[in-house]
Amino acid sequence: MWDNHKFMTSLADALISLSVILVLYGTINYVIHLPELLPLNAVQLENQVQQVSNEEVLQATQASAKGNLLTVDIEQIKQSLEEISWVRKASIRRAFPDSLAINLEEQQTLARWNKQML
(Lines give C-alpha, C1' and ligand atoms only; values in the text may rest on other atoms or scores of the structure.)
Protein backbone atom coordinates (compact mmCIF):
# COMPACT_ATOMS: atom_id res chain seq x y z
CA MET A 1 0.00 0.00 0.00
CA TRP A 2 2.70 2.52 0.98
CA ASP A 3 4.80 1.64 -2.02
CA ASN A 4 1.84 2.06 -4.43
CA HIS A 5 2.69 5.29 -6.25
CA LYS A 6 -0.76 5.87 -7.80
CA PHE A 7 -2.56 5.38 -4.48
CA MET A 8 -0.25 7.73 -2.60
CA THR A 9 -0.61 10.40 -5.32
CA SER A 10 -4.41 10.11 -5.19
CA LEU A 11 -4.38 10.30 -1.39
CA ALA A 12 -2.14 13.39 -1.42
CA ASP A 13 -4.35 15.06 -4.04
CA ALA A 14 -7.47 14.33 -1.98
CA LEU A 15 -5.91 15.69 1.22
CA ILE A 16 -4.67 18.85 -0.50
CA SER A 17 -8.09 19.40 -2.08
CA LEU A 18 -9.80 18.91 1.28
CA SER A 19 -7.38 21.34 2.93
CA VAL A 20 -7.99 24.00 0.28
CA ILE A 21 -11.76 23.60 0.59
CA LEU A 22 -11.63 23.90 4.40
CA VAL A 23 -9.41 26.98 4.27
CA LEU A 24 -11.74 28.64 1.73
CA TYR A 25 -14.79 27.79 3.85
CA GLY A 26 -13.16 29.21 6.99
CA THR A 27 -12.10 32.38 5.19
CA ILE A 28 -15.54 32.99 3.67
CA ASN A 29 -17.24 32.29 7.00
CA TYR A 30 -14.91 34.73 8.78
CA VAL A 31 -15.37 37.48 6.19
CA ILE A 32 -19.17 37.15 6.14
CA HIS A 33 -19.36 37.59 9.91
CA LEU A 34 -17.27 40.77 9.96
CA PRO A 35 -19.48 43.58 11.27
CA GLU A 36 -17.79 46.11 8.97
CA LEU A 37 -18.88 44.16 5.89
CA LEU A 38 -22.34 45.33 4.78
CA PRO A 39 -23.36 47.02 8.04
CA LEU A 40 -27.06 47.42 8.76
CA ASN A 41 -27.65 51.19 8.59
CA ALA A 42 -31.35 51.70 7.91
CA VAL A 43 -34.80 50.27 8.40
CA GLN A 44 -37.39 51.19 5.77
CA LEU A 45 -41.09 50.89 6.54
CA GLU A 46 -42.68 50.19 3.16
CA ASN A 47 -46.31 50.91 4.03
CA GLN A 48 -48.18 53.48 6.08
CA VAL A 49 -49.28 52.31 9.50
CA GLN A 50 -52.03 53.85 11.59
CA GLN A 51 -51.76 52.28 15.03
CA VAL A 52 -48.03 51.54 15.33
CA SER A 53 -45.47 54.30 15.71
CA ASN A 54 -42.17 54.35 13.86
CA GLU A 55 -40.35 54.40 17.19
CA GLU A 56 -41.96 51.11 18.23
CA VAL A 57 -40.85 49.51 14.98
CA LEU A 58 -37.33 50.87 15.35
CA GLN A 59 -37.03 49.72 18.98
CA ALA A 60 -38.27 46.21 18.18
CA THR A 61 -35.88 45.99 15.23
CA GLN A 62 -32.86 47.29 17.11
CA ALA A 63 -33.49 44.96 20.04
CA SER A 64 -33.30 41.86 17.89
CA ALA A 65 -30.99 42.87 15.01
CA LYS A 66 -27.55 41.44 15.69
CA GLY A 67 -24.87 41.21 13.04
CA ASN A 68 -24.57 42.65 9.57
CA LEU A 69 -26.96 42.56 6.62
CA LEU A 70 -25.96 39.02 5.68
CA THR A 71 -26.00 37.50 9.17
CA VAL A 72 -28.98 39.26 10.77
CA ASP A 73 -31.72 36.84 11.88
CA ILE A 74 -34.78 37.92 9.87
CA GLU A 75 -37.06 35.45 11.64
CA GLN A 76 -36.14 36.82 15.08
CA ILE A 77 -36.84 40.40 13.95
CA LYS A 78 -40.17 39.27 12.48
CA GLN A 79 -41.17 37.66 15.78
CA SER A 80 -40.26 40.77 17.77
CA LEU A 81 -42.27 42.97 15.39
CA GLU A 82 -45.28 40.67 15.63
CA GLU A 83 -45.20 41.05 19.42
CA ILE A 84 -46.21 44.71 19.03
CA SER A 85 -49.86 44.95 20.04
CA TRP A 86 -51.40 46.20 16.75
CA VAL A 87 -49.21 44.21 14.35
CA ARG A 88 -50.97 41.22 12.81
CA LYS A 89 -48.25 40.12 10.40
CA ALA A 90 -44.79 41.37 9.50
CA SER A 91 -42.67 40.62 6.45
CA ILE A 92 -39.03 41.59 6.15
CA ARG A 93 -36.56 41.48 3.30
CA ARG A 94 -32.98 42.56 2.87
CA ALA A 95 -32.60 45.70 0.75
CA PHE A 96 -29.03 45.96 -0.47
CA PRO A 97 -26.66 47.57 0.22
CA ASP A 98 -27.43 48.47 3.85
CA SER A 99 -31.06 48.28 4.95
CA LEU A 100 -34.03 46.13 5.84
CA ALA A 101 -37.41 46.68 4.19
CA ILE A 102 -40.33 46.02 6.56
CA ASN A 103 -43.96 45.61 5.59
CA LEU A 104 -46.47 45.54 8.45
CA GLU A 105 -50.07 44.39 8.34
CA GLU A 106 -52.07 45.90 11.18
CA GLN A 107 -55.07 44.45 12.93
CA GLN A 108 -58.37 46.08 12.04
CA THR A 109 -60.83 47.51 14.54
CA LEU A 110 -64.07 45.55 14.43
CA ALA A 111 -66.20 47.56 16.84
CA ARG A 112 -66.11 50.35 19.41
CA TRP A 113 -67.98 50.36 22.69
CA ASN A 114 -69.17 53.73 24.06
CA LYS A 115 -66.53 55.52 21.97
CA GLN A 116 -63.91 54.43 24.47
CA MET A 117 -63.17 50.72 24.16
CA LEU A 118 -62.50 48.49 21.23
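The legends below describe close-up views of one predicted model. Residues are numbered from 1 along each chain as its sequence is written, and side-chain values use heavy atoms, with hydrogens and water left out. In this predicted model, local features need pLDDT of at least 70 and side-chain atom pairs count only at pLDDT 80 or more, whereas totals for chains, interfaces and linings use all residues.

**View 1. Arg93 and Glu46 form a salt bridge.** The structure holds two salt bridges, a salt bridge being a side-chain nitrogen of Lys or Arg within 4 Å of a carboxyl oxygen of Asp or Glu. In the pair shown here, the closest N and O atoms of Arg93 and Glu46 are 2.7 Å apart. Arg93 belongs to strand β2 (residues 87-95) and Glu46 to the loop between β1 (42-45) and α2 (54-64), so the pair ties together parts that are 47 residues apart in sequence. Helices (H or I, at least four residues) and strands (E, at least two) are DSSP runs, numbered from the N terminus. Arg93 is partly exposed at a relative accessible area of 46%, and Glu46 is partly exposed at 42%. Buried means under 20% relative accessible area, exposed over 50%, and partly exposed in between (1.4 Å probe, protein chains only).

**View 2. Arg88 and Glu105 form a salt bridge.** The closest N and O atoms of Arg88 and Glu105 lie 2.2 Å apart. This pair links distant parts of the chain, with Arg88 in strand β2 and Glu105 in strand β3 (residues 99-106), 17 residues apart. Arg88 is exposed, its relative accessible area being 55%, while Glu105 is partly exposed at 34%. Side chains of opposite charge can pair when their charged atoms come close.

**View 3. Val87 is a buried residue of strand β2.** The relative accessibility of Val87 is 3%. Leaving aside residues up to four places away in sequence, Val87 touches Val52, Leu81, Glu82, Leu104, Glu105 and Gln107; contact means heavy atoms within 4.5 Å. The C-alpha atoms of Val87 and Asn114, 27 residues apart along the chain, are separated by 24 Å.

**View 4. Helix α2 has a buried side and an exposed face.** Val57, Ala60, Thr61 and Ser64 are the buried residues shown in α2. They cover an arc of only 95° around the axis, which puts them on the same side of α2; the arc is that of the directions from the helix axis to the C-beta atoms. What covers the buried residues of α2 includes β1, α3 (74-82) and β3. The face turned away from the buried side carries the exposed residues Glu55, Gln59, Gln62 and Ala63.

**View 5. A nonpolar patch lies on the surface.** Met1, Trp2, Phe7, Leu11, Leu15, Leu18 and Leu22 form the patch, with about 760 Å² of accessible area together. Patches are made of residues with over 30% relative accessible area and no salt bridge, like charges being joined within 9 Å and nonpolar side chains (Val, Leu, Ile, Met, Phe, Trp, Tyr) within 5 Å. Accessible areas come from the Shrake-Rupley method with a 1.4 Å probe, and for residues only the protein chains shown count as cover. Leu22 is in helix α1 (residues 5-32) and is exposed at 52% relative accessibility.

**View 6. Two loops hold backbone features at Pro97 and Leu38.** The peptide bond from Phe96 to Pro97 is cis, with omega near 15°, and Pro97 is placed in the loop between β2 and β3. In the loop between α1 and β1, Leu38 has phi near 50°, a positive value in a residue other than glycine. Leu38 is partly exposed at 27% relative accessibility.
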